[in-house]
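I set down each look-up in turn.

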Amino acid sequence: MVKVNLACLITGVFLMLTYFLAAQENVIHVEIGGLRNDKGKVMCALFSSAGDFPKRADKAVMRSSARIADGHAVCEFSGIATGIYAVSIIHDENSNGRLDTNFIGIPREGVGASNNAKGHFGPPKFDAASFRYSGGRLDLKITIDYL
């Protein structure tokens, strides 16, 4: 028969709960507004460097998608380490999983970025959209633009 020290057991359970709760608290919560309709879905991507921002969501640190209700949606990124990040948003109105553009590359669907950064003759720059994440819960608000 194995004897378990009650103090060790309680300490172990406490440490596990503390770790679990701390991981759950590291979240970037993104509220998206300005959506012109509730069609399709919103696709969100979290980037940690300028290299692929915002066009290469497949290279993002984390991706998420959300349903739209009453012109609003919410994306969350959980378990995020501290660092510098930027968020890009696409209103994928036809649910084809990509940003539709016209023949010269101008988006036909809504787009947005953290800090509500805007691009000039192209997408916004990482530096304009980036923010420092220090852990815990961070609430962001992004308004979608239709060009």
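Which side chains meet in a salt bridge at 2.8 Å, N to O? I found R36 and E93 to be such a pair, with 2.8 Å from N to O. I note that the model is a predicted one.

Entry on the placement of this pair. I located R36 in the loop between β1 (27–33) and β2 (41–47), and E93 in the loop between β5 (83–92) and β6 (111–113). The two residues are 57 apart in sequence, so their contact ties together separate parts of the chain. I also looked up the accessibility of E93: the value is 17%, and E93 therefore counts as buried, because the cut-off for buried is under 20%.

Entry on R98 and D100. I recorded a salt bridge between R98 and D100, with 3.1 Å between the closest N and O atoms.

Entry on K118 and D145. I found a salt bridge here as well, the closest N and O atoms of K118 and D145 being 2.8 Å apart. This pair links distant parts of the chain, 27 residues apart. I placed K118 in the loop between β6 and α2 (126–129), and D145 in the segment after β8 (137–143). K118 counts as partly exposed, with 45% relative accessibility. D145 also counts as partly exposed, with 23%.

Entry on disulfides. How many disulfides does the structure hold? I found one. C44 and C75 form this disulfide, and their sulfur atoms lie 2.0 Å apart. I assigned C44 to strand β2 and C75 to strand β4 (residues 73–78).

Entry on the geometry and surroundings of the disulfide. I read a torsion of about 70 degrees about the S-S bond of C44 and C75, and the disulfide is therefore right-handed. C44 has a relative accessible area of 3% and is buried. C75 counts as buried too, at 0% relative accessibility.

Conventions. Residues numbered from 1 in each chain as written. Predicted model: local features only at pLDDT ≥ 70, side-chain atom pairs only at ≥ 80, totals over all residues. Heavy atoms only, no water. Salt bridge = Lys/Arg side-chain N within 4 Å of Asp/Glu carboxyl O. Helix = DSSP H or I, 4+ residues; strand = E, 2+ residues; numbered from the N terminus. Buried < 20%, exposed > 50% of the residue type's maximum accessible area, 1.4 Å probe, protein only. Disulfide = S-S within 2.5 Å.
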